[in-house]
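Okay, thanks everyone for coming.

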Amino acid sequence: MTMTEKSLQVQEKKELQGRAESTRTVPVYVPAVDIFETTNDMTVMVDMPGVAEQSVSIDLNNDELTISGTMAEEAKTETMLLQEYQSGDYYRQFNVSRAIDRNQIEASISNGVLKIVLPKAEIAKPRKIDIKTT
Amino acid sequence: MVMIRYPRHFDVSFFRPVRELEEMRRRMDRLFDEVAGRHPFGALFSGVYPSLNLSEDGSNLYIRAELAGVKPEDLEISIERNTLDIRGERQAENVEGASYHRRERQTGRFHKAVTLPYEIDSERTVSELKNGVLTIVLPKAEAAKPKKIGIKTS
């Protein structure tokens with residue numbers, strides 16, 4: 001295994017702008033994502049720390065993929081001494097191609113990272129095109 | 001002749017004065033912080049990953065950090081006197097033959113030291129990594145706990 005020597009930097013959380021206002025009093029953030037594609041599927045990885053499995057909603061409407069997560073609000077009796085981050089909800093939308101096999105979409109969450117695997121429909125899988133020589 | 005004109009958009013249901021004021025105050029605060037070169041969360045902001053929240057109640061200190069994608073086995077927490085050390089690594093997802101459309105999630109190592117404001121009982125310190133959020137509960141040492149002082153009457 002190769003070790004990554006890079007050290008992590010603080011990424012300031014981006015607050016969501018220009019969507020209908022939330023009725024909750026917590027901020028709504030745009031989560032950081034990775035999207036990658038392999039031959040058979042497209043994978044979306046979303047950082048959603050503080051969001052439990054049951055508070056994530058994933059919605060695919062036509063070609064619009066909407067991901068949202070609600071953080072658990074707990075009544076805290078603690079006094080804050082130092083605050084370097086704020087927690088809140090997450091919301092992000094993507095346009096995905098129509099060539100997704102909608103019935104085979106799978107999602108899982110582990111360590112605060114949501115992983116959505118969108119399998120490509122047969123027609124969208126890459127085909128090698130033979131070049132005929134005469 | 002006196003004409004009374006009502007503003008066209010006068011609809012009470014759309015006007016939430018408290019909310020508007022709150023929002024304005026937040027923006028002003030942020031603006032001043034930016035001008036002063038400070039982070040919105042105060043002068044103590046360290047700029048070192050991971051961002052931490054430190055809070056307390058009568059018996060414990062609490063440290064929380066958002067560490068999405070960090071596995072418990074890649075995280076190491078230690079305490080030496082009043083310095084708490086958090087180090088670890090967030091590893092990249094290695095997928096054979098993947099081509100990336102977007103790559104915003106950072107990977108790499110981190111190491112952060114925090115000076116605790118009180119003496120704590122390191123033996124009873126516990127930590128938990130749940131849904132990508134690390135919580136460390138540090139019980140205060142007896143000497144650091146708040147005490148009520150009785151007043152004698154004669």
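Before I count anything: when I say salt bridge, I mean a side-chain nitrogen of Lys or Arg within 4 Å of a carboxyl oxygen of Asp or Glu. And please keep in mind that this is a predicted model.

With that rule, we get 17 salt bridges over all chains. Nine of those turn up across the interface of chain A and chain B.

Let me start with Arg90(B) and Asp47(A). They make a salt bridge, and the closest N and O atoms sit 3.0 Å apart. Arg90(B) is in strand 4 of chain B, residues 83-90, while Asp47(A) is in strand 4 of chain A, residues 41-47, so this pair joins two chains. Now, are these two residues buried or exposed? Arg90(B) is buried, with a relative accessible area of 5%. Asp47(A) is buried as well, at 11%.

Next up, Arg64(B) and Glu78(A), whose side chains meet in a salt bridge at 3.1 Å, N to O. This pair also joins two chains, because Arg64(B) belongs to strand 2 of chain B, residues 60-66, and Glu78(A) to the loop of chain A between strand 6 (64-69) and strand 7 (79-83). Arg64(B) has a relative accessible area of 17%, and since buried means under 20%, Arg64(B) counts as buried.

Then there's a network: Glu15(A), Glu23(B), Arg26(B) and Arg27(B) are linked by salt bridges. Within that group, the side chains of Glu15(A) and Arg26(B) meet at 3.8 Å, N to O.

For a pair inside chain B, look at Asp121(B) and Arg124(B), which form a salt bridge with closest N and O atoms 2.9 Å apart. Here both partners are partly exposed: Asp121(B) has a relative accessible area of 24%, and Arg124(B) comes in at 47%.

Okay, stepping back to the whole interface. How many residues of each chain are in contact? It's 49 residues of chain A with 57 of chain B. Together the two chains bury about 4,800 Å², and carbon and sulfur atoms give 48% of that. On the chain A side, Leu8(A), Glu84(A) and Tyr85(A) supply 18% of the area buried against chain B, more than any other three residues.

As for polar contacts, there are 26 residue pairs between chain A and chain B, both residues at pLDDT 80 or more. The side of chain A that touches chain B gets at least two residues from each of strand 3 (33-37), strand 4, strand 7, strand 8 (89-95) and strand 10 (113-119). By type, the residues on that side split into 22 nonpolar, 14 polar and 13 charged.

In soluble globular proteins, nonpolar side chains tend to be buried together. In our model the largest nonpolar core has 20 residues, and the ones touching the most other members are Ile63(B), Leu67(B), Leu84(B), Ile86(B), Phe110(B) and Leu138(B). The elements giving two or more residues to this core are strand 1 (52-56), strand 2, strand 4, strand 6 (108-115) and strand 8 (133-139), all of chain B.

If you zoom in on Leu67(B), its contacts include Phe110(B), Leu75(B) and Leu134(B), and also Asn111(A). There's a second, separate core too, with 18 residues, among them Val46(A), Val51(A), Val56(A) and Val96(A).

That's my tour, thanks.

Technical notes. Residues are numbered from 1 along each chain as its sequence is written. Chains are lettered from A and ligands numbered from 1 in the order in which they are written. This is a predicted model: local features need pLDDT of at least 70, side-chain atom pairs count only at pLDDT 80 or more; totals for chains, interfaces and linings use all residues. Side-chain values use heavy atoms; hydrogens and water are left out. Helices (H or I, at least four residues) and strands (E, at least two) are DSSP runs, numbered from the N terminus. Buried means under 20% relative accessible area, exposed over 50%, partly exposed in between (1.4 Å probe, protein chains only). A nonpolar core is a set of buried Ala, Val, Leu, Ile, Met, Phe, Trp, Tyr and Cys residues joined through side-chain atoms within 4.5 Å. Contact means heavy atoms within 4.5 Å. Buried area is the accessible area (1.4 Å probe) that two parts lose on being put together, summed over both. A polar contact is a pair of N or O atoms within 3.5 Å; within protein, one must be able to donate a hydrogen and the other to accept it, and residues adjacent in sequence count only if both atoms are side-chain atoms. Ala, Val, Leu, Ile, Met, Phe, Trp, Tyr, Cys and Pro count as nonpolar, Asp, Glu, Lys and Arg as charged, and the others, Gly among them, as polar. Lists of a residue's contacts leave out its neighbours within four places in sequence.
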